[in-house]
Amino acid sequence: MKQIYYEIYEDLRDKILAGAYPYQTYIPSENKLVDVYECSHNTLRKALSVLRMHGFTQPIHGKGVLVI
């Protein structure tokens, strides 16, 4: 059984690859994503961490998470 954070990671990754979140744009805020995925902040942060580790995003302090 997949962990919830991994399913969120896969969905965000697929949206990045499909162009829903284009290169050099920011993904929606953490609060908006928590509402969309109906999960906790910790679960979402773990998914965002996996995105960063796989080279899809880069967090920018005070601005958000940038697609790279």
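Predicted model: local features only at pLDDT ≥ 70, side-chain atom pairs only at ≥ 80, totals over all residues.
Figure 1. The structure holds three salt bridges, one of which joins Asp 14 to Arg 13, with 3.2 Å between the closest N and O atoms.

**Figure 2. The salt bridge between Glu 30 and Arg 45.** The side chains of Glu 30 and Arg 45 meet at 2.9 Å, N to O; since Glu 30 belongs to helix H2 and Arg 45 to helix H3, the pair ties together parts that are 15 residues apart in sequence. Glu 30 is partly exposed, with a relative accessible area of 25%, and Arg 45 is likewise partly exposed, at 45%.

**Figure 3. The largest nonpolar core.** This core has 18 residues, and those with the most contacts inside it are Ile 8, Leu 12, Ile 27, Leu 44, Leu 48 and Leu 51. Helices H1, H2 and H3 and strand E2 each supply at least two of its residues, with H3 giving the most, five. Beyond its neighbours within four places in sequence, Leu 12 is in contact with Tyr 21, Leu 33, Tyr 37, Leu 48 and Leu 51.

**Figure 4. The largest pocket and its lining.** About 200 Å³ of space lies in this pocket, which is lined by 14 residues, with Glu 30, Leu 48, Pro 59, Gly 64 and Val 65 nearest its centre. Helix H3 contributes the largest share of the lining, four residues, and by class the lining has six nonpolar, four polar and four charged residues.

Key
Residues numbered from 1 in each chain as written. Heavy atoms only, no water. 1 Å grid on protein atoms, 1.4 Å probe; cavity = no way out; pocket = protein on both sides within 12 Å on 5 of 7 lines; lining within 4 Å. Points joined across faces, edges and corners; volume = space filled by probe spheres on them. Nonpolar A, V, L, I, M, F, W, Y, C, P; charged D, E, K, R; others polar. Core = buried A, V, L, I, M, F, W, Y, C linked by side-chain atoms within 4.5 Å. Buried < 20%, exposed > 50% of the residue type's maximum accessible area, 1.4 Å probe, protein only. Contact = heavy atoms within 4.5 Å. Salt bridge = Lys/Arg side-chain N within 4 Å of Asp/Glu carboxyl O.
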